[in-house]
Amino acid sequence: MTLRCPDGPGIVHALTGVVVSLGGNITECQQFASADTGRFFTRIALVGPTRDELMGALRPVAEGLGAEFDIYGTQRPTRTLLLASKAGHCLNELLFRWRAGTLPIDVVGVMANHEVLGSLADFYGVPFTHRVVVPETKADFEAEVRRVIEERKVDLVVLARYMQILSPELCDHLAGRAINIHHSFLPGFKGANPYRQAHIRGVKLIGATAHFVTSDLDEGPIIEQNVVRVDHTMGVSKLVSKGRGQESETLAEAVRLFAEHRVLMDGNRTVIFR
């Protein structure tokens with residue numbers, strides 16, 4: 001169960017009372033009250049009552065609290081569509097963890113704007129489609145993405161180094177259920193060859209940021225970030241290798257947090273229950 005509402009006294013008491021009244025048992029409970037927005041957030045894991053029983057008992061309580069809530073069955077993996085281009089490190093990380101059973105998702109397919117990763121998808125037994133995406137075909141490709149999302153009941157879309165900018169219309173359609181990954185440096189480098197730029201400047205930290213997709217490029221609410229220390233002995237290829245490792249791990253962790261329903265929105269920020 002996840003719930004968001006205006007902060008006030010008695011919220012946890014009311015929610016736990018619902019669980020107890022149904023003979024349920026709480027196995028995990030996390031909460032946060034935002035002093036900035038005056039909002040309350042909680043994630044409660046429990047066993048006992050059915051989803052329908054919880055929905056029926058919780059609905060009048062949530063109405064009294066002015067709350068939005070969701071109830072998820074932990075046995076249902078998050079149905080996920082992956083978008084990719086040429087770089088395979090993030091895609092391979094997600095597919096490997098999925099097949100290893102350490103990522104609670106169900107990959108329904110990989111869609112790409114190049115064909116080079118088709119063999120990787122085939123290795124993991126995942127449906128793969130590709131189409132050249134240029135200004136003249138972009139709308140058709142995005143329409144196909146939306147069709148797949150609807151037909152395969154996709155919960156999450158992951159841009160696994162998909163090197164195309166999504167249209168504002170598709171960003172709006174996927175609001176809150178699409179995750180992107182990008183390199184993040186101190187200072188930040190944009191444009192071509194960011195790792196080479198970082199090498200020239202002699203940076204000491206490189207990293208990666210996973211965030212929700214919005215129409216503002218790389219400005220969506222942040223889910224996960226990581227950095228790794230580097231030094232003057234490392235050439236561009238070493239920086240690229242370390243950076244790709246950070247990108248892969250950071251994206252996989254963001255997907256796990258989302259799939260376990262540990263990410264709640266607080267305006268333009270995220271509340272993460274680890």
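With which side chain does the side chain of Asp218 make a polar contact? The partner is His211, at 3.5 Å. A polar contact is a pair of N or O atoms within 3.5 Å; within protein, one must be able to donate a hydrogen and the other to accept it, and residues adjacent in sequence count only if both atoms are side-chain atoms. The model is predicted: local features need pLDDT of at least 70, side-chain atom pairs count only at pLDDT 80 or more, and totals for chains, interfaces and linings use all residues. Residues are numbered from 1 along each chain as its sequence is written, and side-chain values use heavy atoms, leaving out hydrogens and water.

An unreviewed UniProt entry places the feature "active site" at Asp218. Such annotations may be inferred rather than shown by experiment. Asp218 sits in the loop between strand 10 (205-212) and strand 11 (222-229). Strands are DSSP runs of E, at least two residues; helices are runs of H or I, at least four; both are numbered from the N terminus. Because its relative accessibility is 32%, Asp218 counts as partly exposed (between buried, under 20%, and exposed, over 50%; 1.4 Å probe, protein chains only). Leaving aside residues up to four places away in sequence, Asp218 touches Asn180, His182 and His211 (heavy atoms within 4.5 Å).

The unreviewed entry in UniProt also places "domain: ACT" at residues 1-79. This stretch is 33% helix and 35% strand. Its end C-alpha atoms are 19 Å apart.
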